[in-house]
Amino acid sequence: LTYGDTTEKQPFVVKLDPRLQTTQAELQQRFDLLMRIHDALNRLDTNANQAIDARDALEKAIASGSASGAQPALDSLNRDIEDLVDLRIQSSRGDLVYPPRLRAWLASIADQVGMAFAPPTPAMVQVADGYINDAAAGVSRLQSDVAAANNVLNH
């Protein structure tokens, strides 16, 4: 601890709450699953942002009349973005109005796994694996859509 010119040091050990009956190996299982979910969310977010940028560029090109044949690429981008994330939600309670999309389901299972200081149940792992696989497929679709949009914009 440093305050002004004074520094105080004291060693300490961080321990798990002794009331929990969780082993280090079980905590590692939890951590590993959370990291896989985090990686899937990160890839999904990164590719969704790229798709939104490509969609915006296509919309501008269509509005200016400089991109013939752009509508199918725009339609694909809109469909695939909408399948993965709902951009209409503007508050923490938007899920009461709009049905959740894949990104919301991934975040939800991450919350469930993260709140428990215990190994994930087989059901949690199965659900997370399903969402992670769906996210990978969604990322592939978005990457194809962005490539198609770039092709239209560059010709």
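Glu-82 is partly exposed in this predicted model, with a relative accessible area of 28%. Its side chain meets that of Arg-101 in a salt bridge, at 2.4 Å from N to O. This pair links distant parts of the chain, since Glu-82 belongs to helix α2 while Arg-101 lies in the loop between α2 and α3, 19 residues apart. Arg-101 has a relative accessibility of 17% and therefore counts as buried, because the limit for that class is under 20%.

**Salt bridges**

Side chains of opposite charge can pair when their charged atoms come close. The structure contains 7 salt bridges, and three of them are set out below.

| Salt bridge | N to O distance |
|---|---|
| Glu-82 and Arg-101 | 2.4 Å |
| Arg-79 and Asp-80 | 3.2 Å |
| Asp-56 and Arg-55 | 4.0 Å |

In the pair formed by Arg-79 and Asp-80, the arginine is partly exposed, with a relative accessible area of 45%. Asp-80, by contrast, is buried at 2% relative accessibility. Both residues belong to a network of salt bridges in which Arg-141 also takes part.

In the pair formed by Asp-56 and Arg-55, the aspartate is partly exposed, with a relative accessible area of 30%. Arg-55 is buried, its relative accessible area being 16%.

**The nonpolar core**

The largest nonpolar core comprises 34 residues, of which Ile-37, Leu-58, Leu-77, Ile-81 and Leu-106 touch the most other members. Four helices each supply at least two residues of this core: α1, α2 (71-84), α3 (102-115) and α4 (122-153). The largest share comes from α1, which provides 12 residues.

Leaving aside residues up to four places away in sequence, Leu-106 touches Ile-37, Ala-40, Leu-41 and Leu-44, together with Tyr-131, Ile-132 and Ala-135.

**Aromatic rings**

Tyr-131, one of the residues touched by Leu-106, also takes part in an aromatic pair with Trp-105. The structure holds 1 such pair. Its rings are stacked, with 6.3 Å centre to centre and 25° between the planes. Trp-105 lies in helix α3 and Tyr-131 in helix α4, so the pair ties together parts of the chain that are 26 residues apart in sequence. Trp-105 is partly exposed, at 39% relative accessibility.

A further ring, that of Phe-117, has the charged end of Arg-30 over it, 4.6 Å from the ring centre.

**Leu-27 and its surroundings**

Phe-117 is also among the residues in contact with Leu-27. Leu-27 lies in helix α1, which spans residues 24-64. This leucine is buried, with a relative accessible area of 16%. When residues up to four places away in sequence are not counted, Leu-27 touches Leu-16, Thr-22 and Phe-117. The C-alpha atom of Leu-27 is separated by 8.9 Å from that of Pro-120, although the two residues are 93 residues apart along the chain.

Terms used: Residues numbered from 1 in each chain as written. Predicted model: local features only at pLDDT ≥ 70, side-chain atom pairs only at ≥ 80, totals over all residues. Heavy atoms only, no water. Buried < 20%, exposed > 50% of the residue type's maximum accessible area, 1.4 Å probe, protein only. Contact = heavy atoms within 4.5 Å. Core = buried A, V, L, I, M, F, W, Y, C linked by side-chain atoms within 4.5 Å. Phe/Tyr/Trp six-rings, centres within 6.5 Å; stacked < 30°, edge-to-face > 60°. Lys NZ or Arg CZ within 6 Å of the ring centre and 35° of its normal.
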